[in-house]
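Welcome! Here is a short briefing to read alongside the sequence and the 3D view.

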Amino acid sequence: MWLFILLAVILVGLTHWFLNGAYGYWRKRGVPSPPTKPWVGNLGPSIILTKSLGQIYTDMYNNYKGYQYIGFYKFRKPGLLIRDVELIKNLTIKDFSSFHDNDIEGDEELDPIFGKNPFVLKGKRWKVVRSQVTAAITTGKIKNMFNIMVNVVILVGLTHWFLNGAYGYWKKRGVPSPPTKPWVGNLGPSIILTKSLGQIYTDMYNNYKGYQYIGYYKIQQPGLLIRDVELIKNVIMKDFSSFHDNDVEGVEGLDPIFERNPFVLKGKRWKVVRSQVTAAITTGKIKNMFNIMVNVGKNLANMNSRILT
């Protein structure tokens, strides 16, 4: 019994000494450090997934205002978080040769470009690549690249302005609109064949219940989807002359009947055919055609019955 107690005391003492030795590194050097947890140091919340490493470092940074640097522990390994701007400049420029080994690592086989970045390399490999990069990025070469960089910035700015202008049409008019993707508007899923146009329009219709209409973008061209029944009636009857140009088109020469349908025609051609169709489909003529349509329907039903029997 006494032997067991003695062994337990010795084990507790060794553990205490082991942890104090590991977590006393910054205290002995007078460096401020947040409280640690046994075995995990300051990274405990990242292990139990309550905080990311970025959140842990941000908390440490914010909790030690007024200090130039903070010591912490990655499990039992000491780490240093720099807050002072001048110190950061010295570390990344003047004294970087003493601080190039950091927590970021890259695998050259998985990513040949990122894996050669001096910020992720260590030891001799860092030294070799650093000499190659240093020779390539001289003051003269940076000056020569300046105009290219300016042109790139201008191009990016113009692209951003162009896209904002193209996709701001409905926003300026106070019309509800689903989020867009650059260059493809709201039709991206149909381009990569994950959804048909019908599915895209159905999703928009269902996602905007309570709205009379929804603005969307066919690539960069604005389009309008009507939900309200009364508005639909006005568009296809009373105000159709302002809405006859739609997305449905008929190819001339392929289907002589369908291509004369006013719903697929545009501009002057629509106006001519509409006047022809309107003259042919009056209330009186429809009444006269009713018996013919009934007889045709009966003949079709009889023919189907004979085929099935």
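What follows is a tour by topic, from strands and salt bridges to aromatic rings and the surface.

This is a predicted model, in which local features need pLDDT of at least 70 and side-chain atom pairs count only at pLDDT 80 or more, while totals for chains, interfaces and linings use all residues. Residues are numbered from 1 along each chain as its sequence is written, and side-chain values use heavy atoms, with hydrogens and water left out.

**A strand hairpin**

- Strand β3 (residues 213–218) and strand β4 (residues 221–226) run antiparallel and are joined by six bridges; strands are DSSP runs of E with at least two residues, helices are runs of H or I with at least four, and both are numbered from the N terminus.
- Two strands count as paired if DSSP finds at least two bridges between them.
- Opposite lysine 218 you will find glutamine 221 in β4.
- Two residues lie between the strands of this hairpin, and isoleucine 219 takes a positive phi near 65° there.

- Leucine 81 belongs to strand β2 (residues 77–82).
- With a relative accessible area of 17%, leucine 81 is buried (buried means under 20% relative accessible area, exposed over 50%, and partly exposed in between, with a 1.4 Å probe and protein chains only).
- Leaving aside residues up to four places away in sequence, leucine 81 touches Tyr57, Met60, Tyr61, Gln68, Tyr69, Ile70 and Phe72; a contact means heavy atoms within 4.5 Å.
- Tyrosine 57 is 24 residues from leucine 81 in sequence, and their C-alpha atoms are 7.9 Å apart in space.

**Salt bridges**

- The whole structure has four salt bridges, each defined as a side-chain nitrogen of Lys or Arg within 4 Å of a carboxyl oxygen of Asp or Glu.
- One of them joins aspartate 59 to lysine 51 at 2.6 Å, N to O; aspartate 59 is partly exposed at 28% relative accessible area, and lysine 51 is partly exposed at 35%.
- Another joins aspartate 203 to lysine 195, with 2.6 Å from N to O; here aspartate 203 is partly exposed at 28%, and lysine 195 is partly exposed at 35%.
- Glutamate 230 and lysine 233 also meet in a salt bridge, at 3.9 Å from N to O.
- Because glutamate 230 and lysine 233 are three residues apart in helix α11 (residues 229–238), about one helical turn separates them.
- Glutamate 230 is partly exposed, with a relative accessible area of 48%, and lysine 233 is partly exposed with 39%.

**Aromatic rings**

- A search of the whole structure finds seven aromatic pairs; rings of Phe, Tyr and Trp (its six-membered ring) pair if their centres lie within 6.5 Å, with planes under 30 degrees apart called stacked, over 60 edge-to-face and the rest tilted.
- Among them is the edge-to-face pair of tyrosine 167 and tyrosine 217, at 5.1 Å centre to centre with 75° between the planes.
- This pair links distant parts of the chain, 50 residues apart: tyrosine 167 is in the loop between α7 and α8 (169–172), and tyrosine 217 is in strand β3.
- Both tyrosine 167 and tyrosine 217 are buried.

**A nonpolar surface patch**

- Phe146, Val150, Ile154, Leu158, Trp161, Phe162 and Trp183 make a nonpolar surface patch of about 770 Å².
- Patches consist of residues with over 30% relative accessible area and no salt bridge, joining like charges within 9 Å and nonpolar side chains (Val, Leu, Ile, Met, Phe, Trp, Tyr) within 5 Å.
- Accessible areas come from the Shrake-Rupley method with a 1.4 Å probe, and for residues only the protein chains shown count as cover.
- Valine 150 sits in helix α7 (residues 139–166) and counts as partly exposed at 31% relative accessibility.
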